[in-house]
Amino acid sequence: MVTNRTFTMLKPDAVEAGHIGAILEKINGAGFRIVSMEMTQLSRKDAQKFYEVHSERPFYGELVDYMSSGPIVAAILEKDNAVADFRTLIGATNPAEAAEGTIRKLYATSIAANAIHGSDSDENAEIEGSFFFAKRAQY
Ligand code: RTP
Ligand code: MG
């Protein structure tokens, strides 16, 4: 049985709206094990680095402002087929297009303030998890 990992962040809108508990229940209920977790706030520099891949996109400035605007919850999650299954659980980037029952359909307010991040590949899951948790133990 292959077990692997993905990385998530509950974004500032979801934390501010008090949805941490409900979202973590959805994540656990879908069979993900929380391996590491931290509530913190990104500096502008952290947000720029985390989303560097989007630095040429028109929404980059808005994304950096938003992601550094308040506390977030970062976590490493473990499950078979973690990356793909987690992307299914969170739903489409734009909540207006997200499937019923997905975290973004339930909790996102806009394409920018879309409640939650999920890694898009095994390679990025590793890079993003290390960005937050490299210096500490991963259980
Ligand atoms: P994420 O990386 O956060 O999991 O989201 P994603 O893969 O579904 O979407 P991606 O294309 O990687 O975009 C990253 C984040 O940028 C914001 N965004 N804003 N205003 C816009 O048109 C726009 N497009 C994307 C969203 O917060 C998106 O999650
Ligand atoms: Mg992405």
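Is Ser119 buried or exposed, and how many C-beta neighbours does Ser119 have inside 10 Å? The close-up views below, taken from a predicted model, return to this residue in the third legend.

**View 1. The predicted model as a whole, with the confidence assigned to it by the predictor.** The mean pLDDT of the chain is 95, and 94% of its residues reach 70 or more. For the complex, the predictor gives an ipTM of 0.95 together with a pTM of 0.94.

**View 2. The open sheet, formed by 4 strands in the order 2-3-1-4 with antiparallel pairing.** Its edges are strand 2 (33-40) and strand 4 (116-118), each of which pairs on one side only. Averaged over the sheet, and with direction ignored, neighbouring strands are turned by 15° against each other. Strand 2 and strand 3 (residues 72-79) run antiparallel and are joined by 7 bridges, and in strand 3 it is Ile72 that Thr40 stands opposite. Strand 3 also pairs with strand 1 in the antiparallel sense, over 7 bridges, with Met9 standing opposite Ala74 of strand 3. Strand 1 and strand 4 pair over 3 bridges, again in the antiparallel sense, and here Leu10 stands opposite Ile116 of strand 4.

**View 3. Ser119, in the loop between strand 4 and helix 7.** Ser119 counts as buried because 23 C-beta neighbours lie inside 10 Å, where 20 or more are required for that class. Leaving aside residues up to four places away in sequence, Ser119 touches Thr6, Phe7, Val83, Asn124, Ala125 and Glu128. One of these contacts, Val83, is 36 residues apart from Ser119 in sequence, while the C-alpha atoms of the two residues are 6.3 Å apart in space.

**View 4. Helix 7 (residues 122-133), lying across strand 1 (4-10), strand 2 and strand 3.** The helix runs at about 55° to strand 1. Phe131 lies in this helix and counts as partly exposed, because its C-beta neighbours inside 10 Å number 13. Although Phe131 and Phe50 are 81 residues apart in sequence, they are 7.9 Å apart in space when taken from C-alpha to C-alpha.

**View 5. Asn81 and Ala115, two loop residues with positive phi that are not glycine.** Asn81 lies in the loop between strand 3 and helix 5 (82-90), and its phi is near 55°. With 12 C-beta neighbours inside 10 Å, Asn81 counts as exposed, since the exposed class takes in residues with 12 or fewer. Ala115, by contrast, is buried, with 27 other C-beta atoms within 10 Å. Ala115 is found in the loop between helix 6 (103-107) and strand 4, and its phi is about 75°.

**View 6. The shell of residues around ligand 1.** By class, this shell has 4 nonpolar, 5 polar and 1 charged residues. The residues around the ligand are His54, Phe59, Leu63, Thr93, Ile111, Ala112, Asn114, His117, Gly118 and Asp120.

Methods. Residues are numbered from 1 along each chain as its sequence is written. Chains are lettered from A and ligands numbered from 1 in the order in which they are written. This is a predicted model: local features need pLDDT of at least 70, side-chain atom pairs count only at pLDDT 80 or more; totals for chains, interfaces and linings use all residues. Two strands pair if DSSP finds at least two bridges between them. Axes are lines fitted to C-alpha atoms, for helices over the stretch in contact, and angles run from 0 to 180 degrees between N-to-C directions. Two residues are in contact if their C-beta atoms, placed from the backbone, lie within 7 Å. A residue is near a molecule or strand if its C-beta atom, placed from the backbone, lies within 6 Å of it. Ala, Val, Leu, Ile, Met, Phe, Trp, Tyr, Cys and Pro count as nonpolar, Asp, Glu, Lys and Arg as charged, and the others, Gly among them, as polar. pLDDT is the predictor's confidence in each residue, from 0 to 100.
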